[in-house]
Amino acid sequence: MHRNFRFGVVGESIRSGAELAETARRAEELGYDVLTLRDHFVAEPFGDQLAPMVALASAAAVTSTLRLGTMVLSNDFRHPVMLAKEAATLDHLSGGRFELGVGAGWLRDEYEAAGMAFDRAGTRVGRLEEALQILRGLLGGGKTTFAGEHYRIDGLTVFPLPGRRPPLVVGAGSRRMLGIAGRHADTVGILPRALPEGTISDDISERLPDAIARKVDWVREAAEGRDVELSMMVTPTFGPDPARAAARIAVTRGWGTSSAGLVLGMPSQFVGPPEHIAEQMLARRDRFGFTYYQIPDTAMEEFAPVIPLLTA
């Protein structure tokens with residue numbers, strides 16, 4: 001049985017409280033399921049961002065059904081005990097609408113600007129795996145004791161106790177990260193690999209169907225039969241001619257016009273009119289299992305006609 005589709009808005013162009021409230025209300029009106037916020041304190045590459053946990057509490061106050069999530073928090077910015085406390089409080093204030101997205105951290109420039117050590121990938125990823133175990137324990141309502149390489153917790157509980165554990169979302173691109181996500185997350189966002197120098201790979205091969213299928217297989221293998229939701233951040237391109245739209249994307253991304261055909265098959269790219277995009281999403285659910293798509297807030301209005309085609 002397939003999961004139902006869900007659609008989220010990534011509020012990455014929000015710069016004020018008024019814009020946040022307007023975007024949250026409008027996303028709810030348009031039928032989106034989730035509003036997520038990024039976690040960065042430097043302007044590049046997404047522009048200046050509001051602090052996500054505080055901002056989401058504000059968004060919760062002006063909505064009633066819209067779920068609220070982080071896309072995703074850098075684990076190194078917060079101790080997991082403090083994060084569990086904030087997550088439990090935000091889940092309580094929102095009436096159980098919070099989804100906690102966490103990642104290992106990847107943007108070297110951000111760490112260096114803040115005077116934080118940008119440890120090798122293996123260390124950051126190891127910390128994340130321990131943090132996820134602590135978060136699952138605390139947010140699941142149990143008394144948590146944990147002794148690892150990076151964290152030690154001695155019999156803590158969290159207040160307020162969530163009615164049910166907020167879903168954990170992990171974004172991942174490498175085999176090790178995808179395995180960790182498969183073992184511990186409720187939702188896995190499939191991404192291109194983070195590179196050791198502190199950037200995200202722009203290699204076209206990271207986005208092709210065979211590579212995505214391989215990543216999905218790694219998640220499912222690690223999940224060992226658990227039902228894990230698969231998610232992807234996408235930027236739709238609308239227009240009556242999918243081939244022409246794909247050629248524009250290929251040129252803009254620096255892949256060259258000869259890659260237009262490859263763009264048309266990329267699981268992260270959706271081009272054409274709304275009806276065609278809905279058909280693509282159904283086909284990719286069948287092939288890969290993706291059912292939760294995140295859309296930039298700049299495309300929120302234009303993408304909205306796709307939602308009723310897949311959720312009616």
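Predicted model: local features only at pLDDT ≥ 70, side-chain atom pairs only at ≥ 80, totals over all residues.
**Helix H6**

I looked up H6, residues 175-184, to see how much of the helix is covered. I found 7 of its 10 residues buried, so the rest of the structure largely encloses H6. The buried ones are Met-177, Leu-178, Gly-179, Ile-180, Ala-181, Gly-182 and His-184. I then checked what they pack against.

**Helices H2 and H3**

Next I took H2 (residues 52-61) and H3 (residues 80-93). Their axes come within 10 Å and cross at roughly 10 degrees. On the H2 side I listed Met-53, Leu-56 and Ala-57; on the H3 side they meet Leu-83, Glu-86, Ala-87 and Leu-90. I sorted the residues of this contact by type and got 6 nonpolar, no polar and 1 charged. I also noted that an α-helix has 3.6 residues a turn, so residues three or four places apart point the same way.

**Nonpolar cores**

Last, I went through the cores. The largest has 75 residues, and Tyr-32, Leu-100, Met-281, Tyr-293 and Phe-303 touch the most other members. H5 supplies the largest share of this core, 8 residues. I followed up Met-281. Setting aside neighbours within four places in sequence, I found Met-281 in contact with Phe-5, Phe-7, Phe-270, Tyr-293, Phe-303, Val-306 and Leu-310. Another core, of 10 residues, lies apart from the largest one; Ala-245, Ile-249, Ala-260 and Val-263 are among its members.

Conventions:
Residues numbered from 1 in each chain as written. Heavy atoms only, no water. Buried < 20%, exposed > 50% of the residue type's maximum accessible area, 1.4 Å probe, protein only. Helix = DSSP H or I, 4+ residues; strand = E, 2+ residues; numbered from the N terminus. Axes fitted to C-alpha atoms, helices over the stretch in contact; angles between N-to-C directions. Contact = heavy atoms within 4.5 Å. Nonpolar A, V, L, I, M, F, W, Y, C, P; charged D, E, K, R; others polar. Core = buried A, V, L, I, M, F, W, Y, C linked by side-chain atoms within 4.5 Å.
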